[in-house]
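Welcome, and thanks for taking a look at this one with us.

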Amino acid sequence: MSKHYQLTASISLVALTFLCLVWEGWLAPLRPGGSWMILKAVFLLIPLFGILRGKRYTYKWLSLFIQFYLMEGLLRATSDHGLSQWLAAGETLLATILFVSVILYIRSTRLPQEEKAAQ
């Protein structure tokens with residue numbers, strides 16, 4: 001079952017990275033011609049290889065880190081207008097899917113209590 005959560009987390013992380021790049025680079029940047037907000041996509045590349053390899057530690061800190069994207073998506077979905085508002089809603093959806101799949105992966109790969117006590 002953890003492979004399913006890993007696949008969901010991987011797909012949603014890649015999709016969120018792509019969405020941030022396209023959003024801030026071409027579709028609806030804060031300023032015409034692009035803005036420095038495109039760097040938010042770069043930060044999503046940091047955990048990518050750990051997520052693809054199933055590193056539990058990466059999943060743990062990503063569960064905290066992804067909440068910034070969730071907050072930004074919610075903020076811009078309620079304050080922006082037009083295409084930017086729809087892209088923010090997409091960011092919120094992808095960040096929520098990523099957060100839930102990361103939490104479920106962490107729970108599914110947790111050691112049983114007996115093994116923890118032995119260590």
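What follows is a short tour of the ring contacts in this predicted model.

A search of the whole structure turns up three aromatic pairs. A pair of aromatic rings is described by the distance of the centres and the angle of the planes. Two of the pairs are set out here.

| Pair | Arrangement | Centre to centre | Angle between planes |
|---|---|---|---|
| Tyr59 and Tyr105 | stacked | 4.0 Å | 25 degrees |
| Trp61 and Phe65 | edge-to-face | 6.0 Å | 65 degrees |

Let us begin with the tyrosines. Tyr59 and Tyr105 are stacked, since 25 degrees between their planes is under the 30 degrees that sets the limit for stacking. Tyr59 belongs to helix α4 (residues 56-79) and Tyr105 to helix α5 (residues 83-108), so their pairing ties together parts that lie 46 residues apart in sequence.

Trp61 and Phe65 both sit in helix α4, four residues apart, or about one turn of the helix. Trp61 is partly exposed, its relative accessible area being 29%. Which residues do ring pairs link into a cluster? Trp61, Phe65 and Tyr69 are the members.

One more ring deserves a stop on the tour. Lys40 lies over the face of Trp23, 4.1 Å from the ring centre.

Conventions
Residues are numbered from 1 along each chain as its sequence is written. This is a predicted model: local features need pLDDT of at least 70, side-chain atom pairs count only at pLDDT 80 or more; totals for chains, interfaces and linings use all residues. Side-chain values use heavy atoms; hydrogens and water are left out. Rings of Phe, Tyr and Trp (its six-membered ring) pair if their centres lie within 6.5 Å; planes under 30 degrees apart count as stacked, over 60 as edge-to-face and the rest as tilted. Helices (H or I, at least four residues) and strands (E, at least two) are DSSP runs, numbered from the N terminus. Buried means under 20% relative accessible area, exposed over 50%, partly exposed in between (1.4 Å probe, protein chains only). A charge sits over a ring if NZ of Lys or CZ of Arg is within 6 Å of the ring centre and within 35 degrees of the ring normal.
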